[in-house]
Amino acid sequence: MSPQPASAPRQDSASEIPAAERARSARPVVSVGLVVAICLVAANLRTTLTGVGALLPEIEHGSGLTSSWGGLLSTLPLLTFAATSPLVARASHRWGSARLLVASLGVLAVGTVVRSLPSVGFLFTGTVILSAAIAFGNVLLPALIRRNVPAHRIQGVSALYVTVMGLMAAVSSGVSAPLAHTVPGSWRTALAWGVAFTVAAFLAWLPRMRGDKPQASTGGTHSPMPWRSRLAWQVTFFMGLQSLAFYTAVAWLPSILIDRGTSSTTAGWMLFYYQVVSLASSSLLPLLTRGRHDQRWTAAGASVLVAGGFTVLVAAPALPVLACTLLGLGGGACLVLALTFQSQRAGSSGEAAALAGMAQSIGYLVAAAGPLLLGILHDTTHSWTLPLSVLAVLGIATAVAGHGAGQDRHLRQDSR
């Protein structure tokens, strides 16, 4: 193939490729500053949430909350995600994605501080505020990556931000309880330590507001929510049930272990271990499943591992390391698959946005039932046996949904 002038390919492609695609391909290099800014946002998407599970026994003791109220505290972020996520796309079209992200980071910092003030009312109010801000970040970050990163780099940058998000979630689970024992203000101060990352992310994105324009005039098409698609519902329930298992474990695993004689510090580090295993599993899964389009048995098998982890907590409570290993291996794989299905099962970018909106809004409502249900069941039975047994059964239900969601089909092939 003979070399051609640099301008010729661009002129030819400009006539055939949409403007949005040309804009993305025109960015051959991902700057270090952009990657750092993306990672700083990712560091905030779970840090302020996962530390609550390790601190929940002390929060309940210090504030007088019952297990049911503790479950509600753990459920509030998920309810807020479900209520807020559908609003993000319209808001970003009106004000611009980068501007909205900077605003959400500022709100996240305020909510984190409010949550640590000495009042139960502030505890719940701050939780709602920071959760709404995180919901915006959850939706905006993938969109900003898609807009600012060349197509061939999107997968690598996305994997990096998911890794940072999981790592910071694990660190938060591990350090929160020891921090509460060493800093003034006990658990209230420990709840707010992640605000340092929020301020750093805010400062990193502040200069990137320049030139950020609303997307309302781009002319993108919008697909309707696929409410009539059985495949879409399978993807949605798989997303919701795997999220239910994760957020329930994050909220209650330390309490379960402490109730069976483990110290609060050790229980916090067990939660850390669970999330490290989950992080390793989510990182390795793409390598193990490369080139496979049909992932039915992968999703079902990962879900069965999660069910096995909850079963071990019931039948062999003296083996928490085994339980956390199974929960982490299965949960990490399920997370990657749940996010992947939302794009793989769509036939276009418009369908992907509609499917993701459905899966995240309904899915988070399903997930929200987990922490609250466990708290109510524990208060009613004064035991963890029934709550954990319910989670094991739901793990099998996740396998059924995952088997359907993992089939190599698109929504258009699933018309009913």
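A nonpolar core is a set of buried Ala, Val, Leu, Ile, Met, Phe, Trp, Tyr and Cys residues joined through side-chain atoms within 4.5 Å. The exercises below use this term. The model is predicted.

**Exercise 1. The overall picture**

Task: State how many helices and strands the protein has, and what share of its residues is buried.

Solution: 
- Start with the elements. There are 16 helices and 0 strands.
- Turn to burial. Of the 416 residues, 50% are buried.

**Exercise 2. The largest core**

Task: Find which residues of the largest nonpolar core touch the most other members, and which helix gives the most to it.

Solution: 
- The largest core holds 103 residues.
- Ile-59, Trp-205, Phe-238, Tyr-274 and Phe-310 touch the most other members.
- Helix α11, residues 230–259, gives the most to this core: 17 residues.
- Now look at Tyr-274. Neighbours within four places in sequence are set aside. Tyr-274 then contacts Phe-246, Ala-249, Val-250, Leu-253, Cys-324, Leu-327 and Gly-328.

**Exercise 3. Testing helix α5**

Task: Check the span of helix α5 against 1.5 Å a residue, then locate its kink.

Solution: 
- Helix α5 covers residues 67–95, which is 29 residues.
- The expected span is 1.5 Å times one less than the number of residues. For α5 this should be 42 Å.
- The end C-alpha atoms of α5 are 41 Å apart, which agrees.
- Next, the bend. A kink of about 35° lies at Thr-84, shortly before the proline Pro-86.

**Exercise 4. Aromatic pairs**

Task: Classify the ring pair of Phe-238 and Phe-341, and say which helices hold the two residues.

Solution: 
- The count of aromatic pairs comes to 10.
- The ring centres of Phe-238 and Phe-341 are 5.7 Å apart, and the planes stand at 45°.
- Planes under 30 degrees apart count as stacked, over 60 as edge-to-face and the rest as tilted. The Phe-238 and Phe-341 pair is therefore tilted.
- Phe-238 lies in helix α11 and Phe-341 in helix α14, residues 320–344, so the pair ties together parts that are 103 residues apart in sequence.
- Both Phe-238 and Phe-341 are buried.
- Trp-252 and Trp-384 also form a tilted pair, 5.4 Å centre to centre with 55° between the planes.
- This pair links distant parts of the chain, 132 residues apart. Trp-252 is in helix α11, and Trp-384 is in the loop between α15 and α16.
- Trp-252 and Trp-384 are both buried.
- Ring pairs also join Trp-227, Trp-233 and Phe-237 into a cluster.

**Exercise 5. A salt bridge**

Task: Identify which side chains meet in a salt bridge. Are Asp-294 and Arg-296 buried or partly exposed?

Solution: 
- Side chains of opposite charge can pair when their charged atoms come close.
- The count here is 1 salt bridge.
- Asp-294 and Arg-296 form a salt bridge, 3.0 Å from N to O.
- Buried means under 20% relative accessible area, and exposed means over 50%.
- Asp-294 has 36%, so Asp-294 is partly exposed.
- Arg-296 has 30%, so Arg-296 is partly exposed too.

**Exercise 6. Phe-272**

Solution: 
- At 23% relative accessibility, Phe-272 is partly exposed.
- Phe-272 and Val-171 are 101 residues apart in sequence, with 6.4 Å between their C-alpha atoms.

Key: Residues numbered from 1 in each chain as written. Predicted model: local features only at pLDDT ≥ 70, side-chain atom pairs only at ≥ 80, totals over all residues. Heavy atoms only, no water. Helix = DSSP H or I, 4+ residues; strand = E, 2+ residues; numbered from the N terminus. Bend = angle between axes of the 7 residues up to and from the residue. Buried < 20%, exposed > 50% of the residue type's maximum accessible area, 1.4 Å probe, protein only. Contact = heavy atoms within 4.5 Å. Salt bridge = Lys/Arg side-chain N within 4 Å of Asp/Glu carboxyl O. Phe/Tyr/Trp six-rings, centres within 6.5 Å; stacked < 30°, edge-to-face > 60°.
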